[in-house]
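The sequence and model follow.

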Amino acid sequence: VQLQAYGGGLVQAGGSLRLSCAASGRNFRKYAMGWFRQAPGKEREFIAGISWGGGYTDYGDSVKGRFTISRDNAKNTVSLQMNSLKPEDTAVYSCAARDEYPSSAYVYTRVSEYGHWGQGTQVTVSS
């Protein structure tokens with residue numbers, strides 16, 4: 001699967017952005033998906049994950065209550081709605097996919113658990 005994230009940009013603190021990740025290839029439904037971010041000088045950080053069917057989600061502590069992950073298997077996309085953005089949310093955001101067993105409810109939170117990565121999109125939040 002090939003992944004491409006888009007929707008980043010410059011936004012003021014308190015604003016919102018919606019990122020999307022388009023997946024090419026067949027069987028998008030077979031992948032568990034995740035969003036990660038990396039700020040300059042920092043390690044890649046787990047932001048949000050969603051199970052293959054979309055019924056289960058998990059979030060990093062820094063974004064809980066502000067970000068929402070969703071997926072549309074008919075359109076081969078996974079999205080990240082980001083609200084109440086803060087300057088510390090500034091980073092390059094990337095989506096990732098993991099081959100998954102059908103009906104799995106697992107949500108993956110570690111970089112090492114994902115085998116497919118897309119090119120990131122820059123999000124900059126000004127104060």
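## Gly 41 and the basis of the model

Gly 41 is placed in the loop between strand S4 (31–38) and strand S5 (45–50); strands here are DSSP runs of E with at least two residues, helices are runs of H or I with at least four residues, and both are numbered from the N terminus. With a relative accessibility of 87%, Gly 41 counts as exposed. The classes are defined on relative accessible area, computed with a 1.4 Å probe on protein chains only: buried means under 20%, exposed over 50%, and partly exposed in between. From Gly 41 to Gly 7 the separation is 34 residues in sequence and 23 Å in space, C-alpha to C-alpha.

The model is predicted: local features need pLDDT of at least 70, side-chain atom pairs count only at pLDDT 80 or more, and totals for chains, interfaces and linings use all residues. Residues are numbered from 1 along each chain as its sequence is written, and side-chain values use heavy atoms, with hydrogens and water left out.

## Overall fold

The protein chain contains eleven strands and zero helices. Its radius of gyration is 14 Å, close to the 14 Å that the globule rule gives for 127 residues, so the chain is as compact as a globular protein of that length. That radius is taken over C-alpha atoms, and the rule is 2.2 Å times the number of residues to the power 0.38. Along the principal axes, the C-alpha trace spans about 45 × 25 × 25 Å.

Of the 127 residues in the protein chain, 45% are buried. Among contacts with a separation of 6 or more, 59% come from residues 24 or more positions apart, where contact means heavy atoms within 4.5 Å. The accessible surface of the chain is about 6600 Å², and carbon and sulfur atoms hold 45% of that surface; the areas come from the Shrake-Rupley method with a 1.4 Å probe, and for residues only the protein chains shown count as cover.

## Charges and salt bridges

The protein chain carries 14 positive and 10 negative side chains, with the centres of the two sets 5 Å apart. Lys and Arg count as positive and Asp and Glu as negative, while His and the chain ends are not counted. Each charge is placed at NZ of Lys, CZ of Arg, CG of Asp or CD of Glu. Side chains of opposite charge can pair when their charged atoms come close. The structure holds five salt bridges, each defined as a side-chain nitrogen of Lys or Arg within 4 Å of a carboxyl oxygen of Asp or Glu.

One of them joins Arg 37 and Glu 45, at 2.9 Å from N to O. Arg 37 is buried, at 5% relative accessible area, whereas Glu 45 is partly exposed at 28%. Another salt bridge pairs Arg 66 with Asp 89, whose closest N and O atoms are 2.7 Å apart. Asp 89 lies in the loop between strand S8 (77–82) and strand S9 (91–99) and Arg 66 in the loop between strand S6 (57–59) and strand S7 (67–72), so the pair ties together parts that are 23 residues apart in sequence. Both Asp 89 and Arg 66 are buried.

Asp 61 is exposed, with 68% relative accessible area, and Lys 64 is partly exposed at 47%.

## Backbone with positive phi

Asn 76 is not a glycine, yet its phi is positive, at about 55 degrees. Asn 76 sits in the loop between S7 and S8 and is buried, with a relative accessible area of 18%.

Ser 84, also not a glycine, has a positive phi of about 50 degrees. Its place is the loop between S8 and S9, and at 40% relative accessible area Ser 84 is partly exposed.

Arg 18 belongs to strand S3 (residues 17–24) and is partly exposed, with a relative accessible area of 45%. Its C-alpha atom is separated by 9.4 Å from that of Thr 68, which is 50 residues apart from Arg 18 along the chain. Setting aside neighbours within four places in sequence, Arg 18 is in contact with Tyr 6, Gly 7, Ser 70, Ser 79, Leu 80 and Gln 81.
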